[in-house]
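Q: Please take a close look at one chain of this model. I would like its sheets, the helices packed on them, and its contacts with the partner chain.

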Amino acid sequence: MNEFKAKFTQDFIEDGRWHFITDGLINTIIITILALLMGVIIGVIVSIIRCAHDQKDEKVRNIPLSIANAICKIYIAIIRGTPALVQLLIMYFIVMISAKSKLLVAVLTFGINSGAYVAELFRGGIMSVDSGQLEAGRSLGMSYVLTMRKVVLPQAFKASLPALINEFIALLKETSICGYIGLNELTRGGDIIRGTTYDALLPLLTVALIYFILVMIISYLASLVERRLRRSDKR
Amino acid sequence: MINVKGLYKSFGDTKVLNGIDYHIEQGEKIAIIGPSGSGKSTFLRCLNLLETPTKGQIFIDDEEITDPNVNIDKVREKIGMVFQHFNLFNNLTIMDNITLAPIQLKKMTKEEAEEKAIELLKRVNLEDKVDSYPSELSGGQKQRIAIVRSLAMNPEVMLFDEPTSALDPEMVGEVLEVMKELADDGMTMVVVTHEMGFAREVASKVVFIDEGIIKEESEPKAFFDSPKNPRLQEFLSKVL
């Protein structure tokens with residue numbers, strides 16, 4: 001017990017080493033949330049472009065849309081076809097070589113990365129909405145955009161919610177690769193302590209526990225949201 | 001009021017409509033019958049351009065709606081449509097289902113639209129369902145709501161695409177009842193249906209579509225009692 005106490009003191013109390021954990025945690029949360037927001041915005045736009053194109057709506061489909069659709073497809077192919085770590089390194093060492101903030105590099109990388117996955121899961125959500133919903137809206141005289149916004153997308157969002165939560169959780173954990181560009185996020189915080197005190201057990205288990213608790217919190221919040229959205233589908 | 005000239009529609013290599021000419025006057029109730037795959041639903045869906053015709057023209061109130069420069073959303077505001085599978089908006093309450101389009105398209109204020117919705121719901125005896133969601137209703141109730149949703153836009157004509165085909169037999173009556181009332185009120189109606197009783201009783205004209213063309217068209221009595229087209233005779237002998 002005394003030994004544990006000594007290790008604990010050495011790992012977290014001495015020289016205020018707990019700061020590595022808390023500062024890292026804050027960075028992890030900032031990167032995850034901003035990247036998720038960015039990913040959702042990119043994802044909604046990309047998925048709507050892809051669906052509008054595929055639904056062959058004669059009034060919407062035209063040359064600019066076809067070009068936009070092609071760009072979206074290339075974007076998704078590149079992002080899904082390469083590891084996030086490689087994307088992060090390319091962003092840091094090539095694309096944003098003059099960027100001063102590592103945090104900015106991380107947010108942009110993960111935002112762009114997440115956008116591709118969110119786009120595909122939203123597209124799945126939109127396609128899961130019965131085409132009769134769009135037809136009914138159009139037959140009443142509502143435009144494609146208006147019907148999408150008021151009828152199709154709310155249903156698509158609800159259908160994609162479990163997958164979106166999955167993406168949120170995966171993103172949170174994936175930010176742990178930011179250590180590769182020397183950004184002090186949660187995992188690297190724990191690893192710095194390990195490197196200083198030569199004790200691996202406590203810092204790494206602490207880091208793991210914090211990730212676990214964060215994921216539990218996300219899951220719990222998601223279940224609350226899902227319960228609220230459930231009213232309209234007693235099927 | 002509706003004038004169709006030389007209407008053709010193909011899906012890829014499949015020819016569905018092979019030259020339909022037809023004229024519908026204000027206040028007429030047209031029942032369209034025919035075997036499945038004959039093109040009757042496609043014909044109906046062309047009338048509000050849910051399907052884009054491959055060739056031909058459609059005029060509504062002397063406006064050519066097949067002209068690419070026409071604002072089809074404006075045209076659709078005066079053409080109500082009721083679907084086989086109801087297609088109520090699953091994410092909205094009954095009230096919002098009915099008032100969404102009139103409010104969003106600035107046809108009415110929120111208060112006017114809600115007042116109108118209640119009035120229409122009373123007509124179909126569903127005023128207690130305003131706050132329900134579509135998933136909480138039976139098929140017959142959903143279809144009555146779907147009719148109300150279309151009526152809330154004050155359409156000049158109503159299209160029905162097999163409105164009772166997806167219903168349990170005991171619910172068919174309540175929907176047909178609403179449609180009959182609508183017919184009595186003088187609404188112009190085009191109904192694709194398998195309900196021969198309804199066609200005989202309510203329609204002013206019955207149209208038989210087969211292989212993408214109109215093979216016979218006449219008043220209900222002549223249509224059912226002395227059909228001339230051999231294909232129609234065969235069809236009627238099977239369904240009556």
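A: Contact means heavy atoms within 4.5 Å. Helices (H or I, at least four residues) and strands (E, at least two) are DSSP runs, numbered from the N terminus. Axes are lines fitted to C-alpha atoms, for helices over the stretch in contact, with angles from 0 to 180 degrees between N-to-C directions.

The model is predicted: local features need pLDDT of at least 70, side-chain atom pairs count only at pLDDT 80 or more, and totals for chains, interfaces and linings use all residues. Residues are numbered from 1 along each chain as its sequence is written, chains are lettered from A and ligands numbered from 1 in the order written, and side-chain values use heavy atoms, without hydrogens or water.

Start with the six-stranded sheet of chain B. This sheet is open, with the order 6-7-8-3-9-10. Its pairing is mixed; two strands pair if DSSP finds at least two bridges between them. Strand 6 (79-82) and strand 10 (213-218) of chain B form the edges. Each of these two pairs on one side only. On average, neighbouring strands of the sheet are turned by 20° against each other, direction ignored.

Strand 6 of chain B runs parallel to strand 7 (residues 157-161) of chain B, and four bridges join them. B:M81 faces B:L159 of strand 7 there. Helix 6 of chain B packs on this sheet. Helix 6 touches strand 3 (29-33), strand 7 and strand 8 (188-192) of chain B. The direction of helix 6 makes about 145° with that of strand 8 of chain B.

Strand 9 and strand 10 of chain B are antiparallel, paired over five bridges. One bridge sets B:D210 against B:I213 in strand 10 of chain B. The hairpin formed by strand 9 and strand 10 of chain B has two residues between its strands. In that hairpin, B:E211 takes a positive phi near 50°. Helix 9 (residues 230-239) of chain B lies across strand 3, strand 9 (205-210) and strand 10 of chain B. Helix 9 runs at about 100° to strand 9 of chain B.

A salt bridge also belongs in this picture (a side-chain nitrogen of Lys or Arg within 4 Å of a carboxyl oxygen of Asp or Glu). B:E201 and B:K180 form one, at 3.7 Å from N to O. This pair links distant parts of the chain, 21 residues apart. B:E201 sits in helix 7 (residues 196-202) of chain B, and B:K180 in helix 6 (residues 169-184) of chain B. Over all chains the structure holds 28 salt bridges.

Next comes the four-stranded sheet. This sheet of chain B is also open, with the order 2-1-4-5 and antiparallel pairing. Strand 4 (residues 55-60) and strand 5 of chain B pair antiparallel over two bridges. B:F59 stands opposite B:E64 in strand 5 of chain B.

Last, the partner. In the interface, 31 residues of chain B contact 24 residues of chain A. Two salt bridges cross it. A:R138 and B:D73 form a salt bridge, with their closest N and O atoms 3.2 Å apart. On chain A's side, helix 6 (131-139) and helix 7 (144-174) of chain A are the elements that give two or more residues. Helix 6 of chain A gives the largest share of that side, seven residues.
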